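Hi,

Here is the structure I promised to pass on. Have a look at it first, and my notes follow below.

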Amino acid sequence: RRFFTMLGTLIRGRVSVAATAGAAGRKALALATRYGLIRKQFEAPDAENEIIVMDYLGHQRKLLPLIAKSYAVAFAQNELTEELHEVQSAPDDSDAGRQRELESAAAGLKAYATWHASNAINVSREACGGAGYLDENQLSIMRGDIDVFTTFEGDNTVLTQLVAKELLSAYADDVQGLSAGGWVK
């Protein structure tokens, strides 16, 4: 029970770090998207106006997949936060298996969200060209702040190993004692 109490603190920290990283990644992508919608570059072939940067497919292909991943991370974050609340609001004799699953999910999401945020901020900074380096655009500041998140509350590489161990343990539990027919099924 004491061990799970100690892990509960780590889980809350990892969930918080993942949430903060996700928010930073979304903010960077919003800034880069807004910049892409106002920044114009090169004349259109059939007009006198310049083309907004966001109309270029290369620019869209940089930002839009990251925006979609950010939505997925946010949805996963919301579900994990809800599960954390349910597990930690349960009586002291709560399910240890559910606690282990929560620990694994928090570790995995923390690693994925922080790596995603780091990449999204960097791509957003690059998508803004030279303006991405200006402090007033906050991207270079966010980049400096988010780097620590890949090791804070657990190194991401170690956390992915923890997730792999949990998945392999669950698989071993599922197949333990299966007959030849059970293996075929």
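Y171, L178 and W183 make up a nonpolar patch on the surface, and their accessible area together is about 330 Å². For patches, residues need over 30% relative accessible area and no salt bridge; like charges are joined within 9 Å, and nonpolar side chains (Val, Leu, Ile, Met, Phe, Trp, Tyr) within 5 Å. Areas are Shrake-Rupley values with a 1.4 Å probe, and for residues only the protein chains shown count as cover. W183 sits in helix α6 (residues 180-184); helices are DSSP runs of H or I, at least four residues, numbered from the N terminus.

Before going on, a word on the source: this is a predicted model, where local features need pLDDT of at least 70 and side-chain atom pairs count only at pLDDT 80 or more, while totals for chains, interfaces and linings use all residues. Residues are numbered from 1 along each chain as its sequence is written, and side-chain values use heavy atoms, with hydrogens and water left out.

Now the inside. Leaving out residues up to four places away in sequence, I146 touches A21, A24, A117, S118 and I121 (contact is heavy atoms within 4.5 Å).

What about α2? Its buried residues (under 20% relative accessible area; exposed is over 50%, partly exposed in between, with a 1.4 Å probe and protein chains only) are H59, L63, L66, S70, V73, A74, Q77, L80, L84 and V87.

How many salt bridges does the structure hold? There are three, each a side-chain nitrogen of Lys or Arg within 4 Å of a carboxyl oxygen of Asp or Glu.

- R100 pairs with E166, with the closest N and O atoms 2.9 Å apart. This links distant parts of the chain, from helix α3 to helix α5 (residues 156-175), 66 residues apart. R100 is partly exposed at 34%, whereas E166 is buried at 18%.
- R125 pairs with E126 at 4.0 Å; R125 is buried at 12% and E126 partly exposed at 44%.
- D147 and R143 meet at 3.5 Å, N to O.

Cheers

Technical notes:
Helix = DSSP H or I, 4+ residues; strand = E, 2+ residues; numbered from the N terminus.
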